[in-house]
Each structure stands twice: as structure tokens, then as C-alpha cells.
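Please look at the sequence and the structure shown here, and then follow the paragraphs below through them.

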Amino acid sequence: MAAQSGGAGSLMPILMIVLLFGVMYFMMIRPQQKRRREAEQMQSAIGPGDEVVTIGGLYGTVTSVDDETVMLEVAPGVQTRYARPAIARVTKQVERIEQVPDEVEAKE
């Protein structure tokens, strides 16, 4: 009698593909998502007085911020406008005091 090939032989390629996708997810996709979240958090925390570096390598000091853009002073009296995602990193962050609404201060 000839030995019959069981179903395990046909499951092996499918398992290898699933394993490959699992490894790709944990080695490539998850770390990239984490870096993107950290960059978005850093860019949302930028405020006036912070010293930053753009993705092009330009150093500057933040003078004003709105929802989509950041104004940088790159030299005395020279200001340029950049999109928030163009900020690569913050080199020096100014400490900010959280402002308590006047109503809360009046109750205390």
C-alpha cells in the first residue's frame, strides 16, 4: 500500500505565508506606526520659543504656531513659514506653565 499524504503537507505553505506576514507586521509595520505617532505628538507640542530642526536641516526658533503651520525665526529679523510635518525634531523646548482658567482661580 502506498502511504497517503495527509492534509499537513498542504497546510505548510499557508502557514509559512501567515508566519511571513506576522513577522513583517512586528518587524516593519508596528515600529513605523509608533514612530509616526511619536512624530505627530512632538509636532503638536511645538510652541513659541522652541528651537527646532526642519527635515531640510534648517535650525530655527519658533515664533508662532497655528493649526497647520509654524513660523520660524532663522536669523534675527528673518522669519519663514513651514508646515508642521516639516519639523524633524525639537532641539530645545521651552517650559510652559499651564494656564488655569480664571474661573478656577476665583473658586480657590
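The model is a predicted one, in which local features need pLDDT of at least 70 and side-chain atom pairs count only at pLDDT 80 or more, while totals for chains, interfaces and linings use all residues. Residues are numbered from 1 along each chain as its sequence is written, and side-chain values use heavy atoms, with hydrogens and water left out.

Is V78 buried, partly exposed or exposed? With a relative accessible area of 39%, V78 is partly exposed; buried means under 20% relative accessible area, exposed means over 50%, and partly exposed lies in between, with a 1.4 Å probe and protein chains only. Once its neighbours within four places in sequence are left aside, V78 is in contact with L72 and E73, contact meaning heavy atoms within 4.5 Å. V78 and G60 are 18 residues apart in sequence, and their C-alpha atoms are 9.9 Å apart in space.

Strands of a sheet pair through backbone hydrogen bonds, either parallel or antiparallel.

Strand β1 (residues 51–54) is joined to β5 by 4 bridges, and the two run antiparallel, with V52 standing opposite V90 in β5. Strand β1 is also joined to β2 (residues 59–65), again antiparallel, by 3 bridges, and here V53 stands opposite Y59. β1 and β2 form a hairpin with 4 residues between them, and in the turn G57 has a positive phi of about 95°. From β2 a further hairpin leads through 3 residues to β3; 4 bridges join β2 to β3 (residues 69–75) in an antiparallel arrangement, and V62 stands opposite L72.

Several of these residues return in the largest nonpolar core, which has 6 residues, namely I46, V52, V62, V70, L72 and I87. A nonpolar core is a set of buried Ala, Val, Leu, Ile, Met, Phe, Trp, Tyr and Cys residues joined through side-chain atoms within 4.5 Å. Not counting residues up to four places away in sequence, V52 touches several residues, among them V62, L72, I87 and V90. T54, which also lies in strand β1, is buried with a relative accessible area of 5%, and, by the same exclusion of residues up to four places away, T54 touches L72, Y82, A86, I87 and A88.

Finally, the aromatic rings give a count of 1 pair, where rings of Phe, Tyr and Trp (its six-membered ring) pair if their centres lie within 6.5 Å, and planes under 30 degrees apart count as stacked, over 60 as edge-to-face and the rest as tilted. Y25 and F26 form this edge-to-face pair, at 5.1 Å centre to centre and 80° between the planes. Y25 is partly exposed, with a relative accessible area of 34%, whereas F26 is exposed, with 52%.

Terms used: Two strands pair if DSSP finds at least two bridges between them.
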